[in-house]
Amino acid sequence: MVSWSRMRRVGAVTAVITIALGVGVAQAGPTVSASNYSFKLKTITIQKGQTVTWKWVNGGHTVTFVKGSYDKTLNKANPTRRRTFKTAGTYKYYCRFHRTLGMTGKIVVQ
């Protein structure tokens, strides 16, 4: 039978190794501001596993990806949205309300 203190030590060591290797831990990435009719940081290059944050500044906006099912509202009630990118590729997105005004962005994941 394994003692409780031994199980706690093994759990603590596992947690330290997981954090040190970055296994399963999202890495903070850039923040994109949604203001007026544009995303500030139009094109971003990040590494796999990084998280992009969209921050509402004013107006009503969406973060809608051209491919996929990500379609989130940014407004006073939902001032931030986050997405972690686990797969390399190029991800284009736009605001549904202001796309024709050029409110678009692109994330390149390496």
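Q: In the hairpin of E1 and E2, which residue takes a positive phi?

A: Happy to start there: Asn36 does, with a phi near 55°, in a hairpin that has two residues between the strands. Strands here are DSSP runs of E with at least two residues, numbered from the N terminus, and two of them pair if DSSP finds at least two bridges between them. Keep in mind that this is a predicted model, in which local features need pLDDT of at least 70, side-chain atom pairs count only at pLDDT 80 or more, and totals for chains, interfaces and linings use all residues. Residues are numbered from 1 along each chain as its sequence is written, and side-chain values use heavy atoms, with hydrogens and water left out.

Q: In which sense do E1 and E2 pair, and over how many bridges?

A: In general, strands of a sheet pair through backbone hydrogen bonds, either parallel or antiparallel. E1 and E2 take the antiparallel sense, over three bridges.

Q: How do strand E1 and strand E4 run?

A: Strand E1 (residues 27-35) and strand E4 (residues 50-56) run parallel, joined by six bridges.

Q: What is the order of the four strands in the open sheet?

A: The order is E2-E1-E4-E7, and the pairing is mixed. Strand E2 (38-40) and strand E7 (80-84) are the edges, each pairing on one side only. Neighbouring strands of this sheet are turned by 25° against each other on average, direction ignored; for such angles, axes are lines fitted to C-alpha atoms, and the range is 0 to 180 degrees between N-to-C directions.

Q: How many residues lie between E5 and E6 in their hairpin?

A: There are five, and Gly68 in the turn has a positive phi of about 110°. Strand E5 (residues 61-65) pairs with strand E6 (residues 71-74) in the antiparallel sense over four bridges, with Val63 opposite Lys72 in E6.

Q: Why does Thr104 count as partly exposed?

A: Buried means under 20% relative accessible area, exposed over 50%, and partly exposed in between (1.4 Å probe, protein chains only). Thr104 counts as partly exposed because its relative accessibility is 28%. You will find Thr104 in strand E9 (residues 104-109).

Q: Which residues is Thr104 in contact with, leaving aside its neighbours within four places in sequence?

A: Contact means heavy atoms within 4.5 Å. With those neighbours left aside, Thr104 is in contact with Phe39, Lys42, Tyr93, Tyr94 and Arg99. Thr104 and Tyr94 are ten residues apart in sequence and 4.1 Å apart in space, C-alpha to C-alpha.
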